[in-house]
Amino acid sequence: MTTTDSADVLIVGGGIIGCLTAYYLSQRGLSAIVIEADGIASGASGTSAGWLTPYSHKNDRAMLALSPTTLRLHAELAETLPALTGIDHGYQPAPYLRCAITEDGVAELLAFQSQRASESVVMEWLSGEEARAMSPWITANIIGALRSDNEPTVDSYRLTMSAFQAAEMGGARMIFGRVVGLISPGDGVATGVRMENGSEAHGDAVVLAMGPWSGAAAKWLDHPVPVTPQRGELVYLAAPGEGDGPELDIGLNLVEDGSSILRKRLSDTIVGVSKEYVGFDRSTTIGARDELLINAARLSRRVEMASISGQTACLRPISADGRAYVGLVPGWDAVYLATGHSGEGIHYGPVTADAIAGLISDGICEHDIAPLSPTRTSTTNV
Ligand SMILES: Cc1cc2nc3c(=O)[nH]c(=O)nc-3n(C[C@H](O)[C@H](O)[C@H](O)COP(=O)(O)OP(=O)(O)OC[C@H]3O[C@@H](n4cnc5c(N)ncnc54)[C@H](O)[C@@H]3O)c2cc1C
């Protein structure tokens, strides 16, 4: 049976980007329908590490410039969303140490520190002993570390669910279904979207927030959307039993190979993360699990004592040039792209969503997203 539905704005994709966009639109008095092929937060937004950092992928200048704003919005959401929905999404500011085990690693971290200082981001240098004074579990391998106090963590599944629930309270709705095309009378006007089951939804604006599946929209738009999936696996570690000593209550990262350990407030500790190009395959693998654990054990003695409580795999939406695509699609009146955030979509979710909601409701955006415009894909080879 085919049905039709309508709202001010149609959002394709119920990940962090789509759900926060629905929330910020609802705050501006606009109704939204989130159209989702699987489930809210069923993609990477539900299984990410939830680390609010701009440094996990490429340190793209245009993205970095948005980092203070998105951190401020995250801090606001940590107040407003739980008050609205009753869902604690585990926002936690905590120290994070980038560690080195070689002199080359130390040099890399010191260069990183001075680059951050030039952006007015202060990170303190610690000797290995000073690092171990913060956490006794840090191994003797570590010869130096850079301390950061401005990279909180969240539970990204709860954040996405909470954003959608808050949007629903403001009038948003969700439709299950896979979008297969735009409804357009021509001249760059879209009046709605078509779904695989023959249903239609109509709206004045369309936001495409399809994560790693965004490339499918290229043929609807007749415009390149160079986003590809990259699999990332995480292993969850349950703390050893009571009496086995203090918890590891800081985040750790090894600069030499990128392995990391994140202590979360609402879930077991995360060890991650792998980067694999295997298409849309979301299987977990023994190979990634073993490599992640072996590398993480070089950071913390706690790893060898813990038990494995879970393993997940999900897909990052990788853009061709390492920068997200956010803004109006060239040649279209009211069709927007909000995708390609690679390994930083949870971090940049709020600023992206607020920017798109502002563009749709007021025609202007208070954040500098001009460098993220999808116009640059016109010259990208895909
Ligand atoms: C292992 C791992 C760890 C990560 N850790 C971090 C981290 O610590 N910090 C951070 O900031 N980022 C992290 N990321 C990246 C982050 O998870 C992503 O950038 C972010 O979740 C992308 O959100 P999204 O809304 O764009 O896409 P998704 O979460 O993938 O959501 C897209 C949604 O669109 C739906 N969809 C797709 N096509 C259609 C269609 N045609 N019709 C209807 N629905 C459709 C999908 O079903 C999906 O639910 C991590 C990623 C991985 C893989």
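At 38% relative accessibility, Glu 76 counts as partly exposed, a term for values between buried (under 20% relative accessible area) and exposed (over 50%), computed with a 1.4 Å probe on protein chains only. Its partner in a salt bridge is Arg 72, with N and O 3.0 Å apart, where a salt bridge is a side-chain nitrogen of Lys or Arg within 4 Å of a carboxyl oxygen of Asp or Glu. Helices (H or I, at least four residues) and strands (E, at least two) are DSSP runs, numbered from the N terminus.

## About the model

The model is predicted, so that local features need pLDDT of at least 70 and side-chain atom pairs count only at pLDDT 80 or more, whereas totals for chains, interfaces and linings use all residues. Residues are numbered from 1 along each chain as its sequence is written, and side-chain values use heavy atoms, leaving out hydrogens and water.

Arg 173 forms a salt bridge with Asp 5, their closest N and O atoms being 3.0 Å apart. Because Arg 173 belongs to strand β7 (residues 173–176) and Asp 5 to strand β1 (residues 4–6), this pair ties together parts that are 168 residues apart in sequence.

In another salt bridge, the closest N and O atoms of Arg 376 and Asp 321 are 2.6 Å apart. Arg 376 is buried at 17%, while Asp 321 is partly exposed at 32%.

## The whole structure

A search of the whole structure finds 16 salt bridges, and a network of them links Arg 231, Glu 233, Glu 276 and Asp 281.
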